[in-house]
Amino acid sequence: MPISLEEIAARLAALEDKEAIRALKARYLRACDLKEPEVVRDCFLPTGARIAYEGFPEFADRDAFVEVFSQMACQPGVHDIHHATNWEIDLVGPDEARGLWSLNFRTILMSAQRVTRLAVEYEDVYRRHQGRWFIAETVSRVTSMITEEIGKDGALRVIACGEVPVAA
């Protein structure tokens with residue numbers, strides 16, 4: 001049975017939407033690494049974005065999140081690496097999608113002489129607003145971690161590993 005032009009057009013539109021969402025997530029993670037708070041801000045829905053990263057306060061607004069991001073991450077001697085993989089994107093409507101991502105995150109804190117590596121799972125909601133995709137909601141859960149101390153000789157010593165400690 002031949003495929004109709006309408007079916008081909010719908011499949012192509014779905015592929016283009018998923019690629020636009022993948023590019024959005026990559027732009028967000030790269031902006032975090034490159035310490036570009038305005039690019040980070042522009043990845044989130046202009047109003048009503050929910051940002052709930054484990055270990056941080058929950059944000060209901062992109063500006064409040066970017067303010068904390070700027071204070072914590074955009075400092076000399078803070079070096080971050082975000083590598084997202086294993087993506088799954090489901091289009092749940094013409095202007096909404098859900099995404100799952102695995103993140104390999106590393107932060108190097110020169111002042112503390114520490115390196116922390118986290119395995120993180122993201123659950124995202126994306127919305128198309130005024131013709132473009134934005135992150136409307138992002139929730140993360142840390143699944144494992146390792147923190148190492150950098151000795152004066154440059155050697156790494158593990159000071160914590162395994163599951164993330166639960167705050168009391």
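This is a predicted model: local features need pLDDT of at least 70, side-chain atom pairs count only at pLDDT 80 or more; totals for chains, interfaces and linings use all residues.
**Exercise 1.** Find the volume of the largest pocket and the residues closest to its centre.

*Solution.* 
Step 1. The volume of the largest pocket is about 750 Å³.
Step 2. Its lining comprises 28 residues. Closest to the centre are Glu54, Phe56, Met72, Phe105 and Leu118.

**Exercise 2.** Which elements supply at least two residues each to the lining of the largest pocket, and which gives the most?

*Solution.* 
Step 1. Two helices qualify: α1 (5–34) and α3 (62–73).
Step 2. The strands β2 (78–93), β3 (96–109), β4 (114–129) and β5 (132–150) qualify as well.
Step 3. α3 is the top contributor, with five residues.

**Exercise 3.** Sort the lining of the largest pocket by residue class.

*Solution.* 
Step 1. Nonpolar residues number 21.
Step 2. The rest are five polar and two charged residues.

**Exercise 4.** Describe the second largest pocket: its volume, its lining and the elements behind that lining.

*Solution.* 
Step 1. The volume is about 170 Å³.
Step 2. Residues lining the second largest pocket include Glu19, Arg22, Lys25, Arg30 and Asp33. Also in the lining are Ala23, Ala26, Leu29, His82, His83, Ala84 and Trp101.
Step 3. α1 gives the most, with eight.

Key
Residues are numbered from 1 along each chain as its sequence is written. Side-chain values use heavy atoms; hydrogens and water are left out. On a 1 Å grid over the protein atoms alone, a cavity is a set of points where a 1.4 Å probe fits but cannot get out, and a pocket is an open set with protein on both sides within 12 Å along at least five of seven lines; lining residues have an atom within 4 Å of a point. Grid points are joined across faces, edges and corners, and a volume is the space filled by probe spheres set on the points. Helices (H or I, at least four residues) and strands (E, at least two) are DSSP runs, numbered from the N terminus. Ala, Val, Leu, Ile, Met, Phe, Trp, Tyr, Cys and Pro count as nonpolar, Asp, Glu, Lys and Arg as charged, and the others, Gly among them, as polar.
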